[in-house]
Structures are given as structure tokens and as C-alpha cells.
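Hi,

Here is the structure I promised to send over.

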Amino acid sequence: MALSDTPPLAHLRVAPSILSADFTNLGEAVERVTPGTDWLHVDVMDGHFVPNLTIGPPVVASLRKHTDLYLDTHLMITDPAKYLEPFRDAGADGCTVHVEVGETEALIAQMRSLGLRAGLAANPDTPFEALEPYLHLVDLVLCMTVFPGFGGQSFISDVLPKIAQVRSAADAAGLTLDVEVDGGIDERTVVEVVRAGANVFVAGSAVFNRDDPLGAVEGILAAATEERAGAPS
Ligand code: DX5
Ligand code: ZN
């Protein structure tokens with residue numbers, strides 16, 4: 001493929017993760033970040049794929065009544081096939097399943113048939129090669145930059161080469177793929193992931209553990225935008 005055929009740069013956005021929000025006041029948390037973004041990241045954990053339990057379809061349904069933001073639903077669960085339809089019915093716009101749970105092609109097909117945007121996630125120690133066969137089938141690839149399960153962990157920079165591999169494979173194939181990162185993202189680490197090729201930045205504690213969540217979202221986006229603007233073309 002000629003250089004001129006490289007697909008357009010994917011849109012930069014922050015997806016605030018409600019995992020770090022005050023669950024007794026989710027509506028207000030969402031309202032506070034809404035002027036700064038069009039996505040909200042929803043972390044679903046089943047106590048089996050990851051050692052934590054969080055939220056399910058009823059919370060997504062409540063969010064859906066309250067917001068028009070795109071609900072980016074990250075399924076850290078062992079049996080996504082069973083729950084994709086309930087999450088779609090609750091109002092999820094996109095779901096992301098983990099490649100480590102297997103049955104990937106069938107799960108992608110199921111997401112498509114339900115009308116969901118399809119995402120595929122990989123843990124920090126899962127290699128690029130596990131994602132590669134599916135890049136042309138999905139809308140989004142999520143490179144975890146922490147081991148999933150909890151907010152507030154430190155960014156794992158060893159994942160940067162994999163992010164670059166996903167982006168360059170997508171570019172080489174002419175795919176405008178969302179490359180999302182999740183875990184330890186703040187105004188500082190976002191610079192590194194943008195440089196590697198990510199364009200969707202999940203941030204939980206760096207947004208909701210601050211006094212000014214909207215300012216935090218704007219700060220992360222500004223740092224990303226500045227880094228991309230300064231990058232050699
Ligand atoms: C981690 C979750 C993340 C989490 C990120 O298992 O998938 O979305 O909320 O939290 P921070 O931004 O605090 O690392
Ligand atoms: Zn997540």
C-alpha cells in the first residue's frame with residue numbers, strides 16, 4: 001500500500017471510566033464530564049475473569065436513561081456470549097470482549113448481529129499476534145495498560161510496542177481502527193500512548209479522583225492533541 005493510502009488519523013477522545021466515580025452519585029459524575037467528551041467507559045467485571053465485581057445491565061440501563069454519551073462497555077467476563085444481548089438491550093453502544101476468553105470470531109459476529117460496535121481487548125501480557133487475525137473484523141482494539149480488575153493501578157509501559165504494532169497493522173491494511181488504552185492513563189502517560197498510535201484514552205482515577213473531573217478530561221485530551229500535533233508526519 002502506498003503511503004498516500006494510509007487511512008485518516010483516528011479521532012482523539014477521552015473515555016472517562018465510571019469505575020472511579022461515586023456510585024451513589026453516578027448521574028452527577030456523568031454530567032460533570034459530559035461537556036468534555038462523547039464517550040463513557042463502563043467496566044463490567046464478573047469476579048471470575050477478573051478478581052472483582054462491578055456492574056451489570058441494570059446500571060447500564062440507568063445510565064442510558066440519563067445520558068446520550070456513547071456507552072463503551074468493557075466486558076471483563078468469562079462468558080460474554082450470555083450477556084451481550086442484555087447489555088445491548090440495556091443501551092450499550094459498543095461492547096469489548098477479551099481475546100483471552102476465546103470464541104473470538106463467534107463473539108464478534110454476535111456483537112455485529114446485535115448492532116453493537118465491536119471491540120476486542122488484550123491483557124498486558126497477551127501478544128499482538130493474538131489480536132492480529134481479528135483486526136479487520138472489529139471497530140476497536142483495547143490494549144490494557146494494567147492488568148484488569150481495579151482502578152488506580154500504575155501504567156505498564158511494556159505495552160507500548162503492542163499499541164504501535166496494532167496501529168501500524170491497521171494502517172497497512174487501510175483500517176481506521178479505534179485503538180483504545182485502559183489503565184494508568186493521565187496527562188503524562190497519554191503522551192506515550194498517542195506517540196505509539198492510540199486514539200481513545202480510558203481514564204478513571206485521573207478523572208474522578210480529582211476535584212475537577214472536567215478539567216482532568218480536558219487536560220488529558222489537550223496533552224494528547226498537543227503530542228499528535230507535534231509529531232513528524
Ligand atoms: C481496569 C479497568 C479500567 C479502570 C481504569 O480493570 O478496565 O477501565 O477503570 O482505571 P484507572 O484509569 O484508574 O487506571
Ligand atoms: Zn476498562
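Which residues lie nearest the centre of the second largest pocket? They are Gly151, Gly152, Gly183, Gly184 and Gly204, out of 29 residues that line the pocket.

Some housekeeping before the rest. This is a predicted model, where local features need pLDDT of at least 70, side-chain atom pairs count only at pLDDT 80 or more, and totals for chains, interfaces and linings use all residues. Residues are numbered from 1 along each chain as its sequence is written, chains are lettered from A and ligands numbered from 1 in the order in which they are written, and side-chain values use heavy atoms, with hydrogens and water left out.

**The pocket**

A pocket here is an open set of points on a 1 Å grid over the protein atoms alone, with protein on both sides within 12 Å along at least five of seven lines; a cavity is a set where a 1.4 Å probe fits but cannot get out, and lining residues have an atom within 4 Å of a point.

**The ligand**

Ligand 1 takes up the space of this second largest pocket (more than half of its atoms lie within 2 Å of the grid points). Around ligand 1 there are 20 residues (a heavy atom within 4 Å), and Asp43, Gly149, Asp182, Gly204 and Ser205 come nearest. β2 (39-45) gives the largest share of this shell, 3 residues, while β3 (70-76) and β8 (200-203) each supply at least two.

Three side chains make polar contacts (N or O pairs within 3.5 Å) with oxygen atoms of ligand 1: Ser205 at 2.5 Å, Ser17 at 2.8 Å and His74 at 3.4 Å. Taken alone, ligand 1 exposes 380 Å², and the protein buries 99% of that (Shrake-Rupley method, 1.4 Å probe).

Happy browsing!

Technical notes. A polar contact is a pair of N or O atoms within 3.5 Å; within protein, one must be able to donate a hydrogen and the other to accept it, and residues adjacent in sequence count only if both atoms are side-chain atoms. Helices (H or I, at least four residues) and strands (E, at least two) are DSSP runs, numbered from the N terminus.
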